[in-house]
Amino acid sequence: MCLAIPGQVETIDVHGHMATVDVLGVKRQVNVSLLKEQGLSIGDWVLIHVGFAMSKISADQAKEQIQLLEMLGEASEAMNEVRGYAFSSEDVRSREGYHGPQTS
Amino acid sequence: MRYVDEFRNPQLIEKASRELHAIVEPDRVYRFMEVCGGHTFSIFRFGIQHLLPPNIELIHGPGCPVCVLPMGRMDDGLHLADEPDVIFTAFGDVMRIPGSRGTPLELKAKGRDIRMVYSPLDALRLAQKEPERKVVFFAIGFETTAPSTALTLIKARELEVKNFFVLSNHVLILPAMRAILESPDMRIDGFLGPGHVSTVIGVRPYEFVAKHYGRPVVVAGFEPLDLLQSLIMLVKQVNAGSARVENQYSRVVPWEGNERALAAMAEVFEVRPFFEWRGLGFISQSALKIKHEFAPWDAEVHFTLAGLRVTDPKAAQCGEVLKGVLKPHQCKLFGRECTPERPVGALMVSSEGACAAYYQYTWQGAAGE
């Protein structure tokens with residue numbers, strides 16, 4: 001819950017509410033509406049908490065955060081969390097590596 | 001110096017550690033509290049204490065939301081799962097919190113419909129998919145997660161989802177800090193301010209700690225170097241007799257916080273008159289209740305909650321550990337009756353709790369040497 005997971009923005013919807021974010025190769029929808037003032041654009045990096053992007057960070061900071069999660073031994077937990085976001089699309093449940101409500 | 005080789009920037013760490021040793025005044029003791037459970041975990045995982053002069057003492061604060069949730073509140077929530085039409089949802093770390101009748105995981109094994117979600121939005125979506133069932137989201141967390149719950153409730157209203165309910169256990173960090181500062185046995189010289197909570201609330205709200213209580217606050221990042229730099233900033237302030245709020249983690253934390261997140265919280269939540277914290281007791285104005293405008297989605301309005309109070313075993317000394325009066329291993333139950341596998345007290349429940357982190361990285365390590 002308190003994990004801050006870095007991801008890179010790939011697409012943003014027209015309302016600026018949801019974005020497709022790449023987290024170490026895994027693509028997920030996250031809510032980005034809290035970062036409207038920061039002017040989020042494609043290629044930006046964000047820190048994600050429980051499915052919501054909470055802050056915009058630099059690429060270097062994103063790299064640091066990934067290394068920190070690895071050093072803390074929480075990288076796999078972070079990946080499970082990101083894979084678990086089920087609100088993105090209908091077919092999420094059938095995807096490989098999904099560890100969300102149905103299977104755990 | 002354990003772990004020092006695995007740091008990304010070992011030279012900088014050693015330099016910071018040397019600087020700390022050089023600036024501390026040998027005849028005084030510096031007691032600093034890290035408020036955030038993420039910091040506690042980082043401090044133990046990296047063995048930060050080994051990089052510090054012996055007269056800097058780190059006190060592990062109340063910032064682990066899983067740890068401070070009272071058992072009665074967990075029981076109230078799990079009671080809802082007894083109703084056959086209810087799906088109880090919560091984050092993964094809630095699944096291991098013991099209630100009187102067991103953890104959510106154990107009750108799930110006994111046939112209750114209890115599901116782990118990674119985001120409150122997942123719980124809302126589940127409600128849309130299962131319109132015949134009532135989906136309850138057991139919300140916990142500080143200001144880091146409260147905006148997410150708020151935005152999910154706003155979304156539920158917008159989509160007119162009628163079978164989604166939130167049981168709010170959201171708590172606020174500042175009243176907990178104030179309660180600790182008001183405690184008569186308080187012995188803290190300064191605070192490492194929480195990193196992620198501050199991305200939401202900003203840095204300004206800590207000013208009362210400096211102004212009214214004369215204690216410095218440095219909002220800190222989570223890397224070993226962040227922690228050491230923040231401690232250097234605290235020591236310099238204490239040596240100079242000053243008490244100011246500083247932001248070491250400015251690369252992520254804006255001074256003003258996140259206005260949209262604060263606005264969403266203000267739209268959905270109001271402050272409760274008081275709320276119970278495990279280990280600290282009742283703290284006034286320390287938690288968030290769902291506002292009347294969102295009553296149709298408030299589990300406390302829709303369901304009848306027993307309002308259970310389960311007191312922690314008297315022998316558990318969580319409160320003393322939280323206030324820094326005792327070290328984790330000085331509690332009578334530590335490592336005997338109370339272990340991470342079978343936690344008795346709050347601080348043993350999550351890896352971000354002081355006792356669990358101490359048990360895993362310091363005590364077991366020492367026992368093995």
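Predicted model: local features only at pLDDT ≥ 70, side-chain atom pairs only at ≥ 80, totals over all residues.

I'll start with the overall picture of chain B, then go through its sheet, its domains, a couple of residues, and finally chain A.

How does the radius of gyration of chain B sit against that of a compact globule? Well, for 369 residues you'd expect near 21 Å, and chain B has 21 Å, so the two agree. As for burial, 54% of the 369 residues of chain B count as buried. And if you take the contacts in chain B with a separation of 6 or more, 75% of them are between residues 24 or more positions apart.

Now the sheet. Find the open sheet of five strands in chain B; reading across, the order is β2-β1-β7-β8-β9, and the pairing is parallel. Which strands are at the edges? Those are β2 and β9 of chain B, with β9 covering 245-247, and each of the two pairs on one side only. From one strand to the next, the twist averages 20°.

Let's zoom in on β7(B), residues 190-193. B:Gly190 and B:Leu192 point one way, B:Phe191 and B:Gly193 point the other way, and all of them are buried. On one side, β7(B) is joined by three bridges to β1(B), residues 30-36, running parallel. If you want a landmark there, B:Phe32 stands opposite B:Gly190. Three bridges also join β7(B) to β8(B), residues 217-219, again parallel. The landmark for that pair is B:Phe191, which stands opposite B:Val217.

Helix α2(B) lies across β1, β2 and β7 of chain B, and it runs at about 120° to β1(B).

The assignment for chain B gives domain 1 as 1-315 and domain 2 as 318-368. Their centres, taken over C-alpha atoms, are 18 Å apart. The contact between them takes 31 residues from domain 1 and 23 residues from domain 2. On the domain 1 side, the elements giving two or more residues are β1, α2 (37-45), β2 (56-63) and α3 (65-68) of chain B. By class, that domain 1 side has 17 nonpolar, seven polar and seven charged residues.

Two residues I'd like you to click on. Take B:Val321, in helix α14(B), residues 318-322. Is B:Val321 buried or exposed? Buried, because it has 26 other C-beta atoms within 10 Å, and the cut-off for that is 20 or more. Leaving out residues up to four places away in sequence, B:Val321 touches B:Leu326, B:Pro328, B:Cys331, B:Leu347, B:Ala354 and B:Cys355. B:Cys355 is 34 residues along the chain from B:Val321, yet their C-alpha atoms are separated by 8.5 Å.

The other is B:Arg125, in helix α6(B), residues 120-129. A charged side chain, but this residue counts as buried, because it has 23 C-beta neighbours inside 10 Å. B:Arg125 and B:Val161 are 36 residues apart in sequence and 9.4 Å apart in space, C-alpha to C-alpha.

Last stop, chain A. Strands β2(A), residues 18-23, and β3(A), residues 26-31, pair antiparallel over six bridges. Within that pair, A:Met18 stands opposite A:Asn31. The hairpin has two residues between the strands, and A:Leu24 takes a positive phi there, near 45°.

And where do the two chains meet? The contact takes 30 residues from chain A and 37 residues from chain B. On the chain A side, the elements giving two or more residues are β4 (45-49), β5 (52-57), α1 (59-71) and α2 (75-84) of chain A. The largest share, five residues, comes from α1(A). By class, that side has 16 nonpolar, ten polar and four charged residues.

That's my tour; happy to take questions.

Notes
Residues numbered from 1 in each chain as written. Chains lettered and ligands numbered in written order. Buried ≥ 20, exposed ≤ 12 C-beta atoms within 10 Å, placed from the backbone. Helix = DSSP H or I, 4+ residues; strand = E, 2+ residues; numbered from the N terminus. Pairing = 2+ DSSP bridges. Contact = placed C-beta atoms within 7 Å. Domains from an automatic or database assignment. Axes fitted to C-alpha atoms, helices over the stretch in contact; angles between N-to-C directions. Rg over C-alpha atoms; globule rule 2.2 N^0.38 Å.
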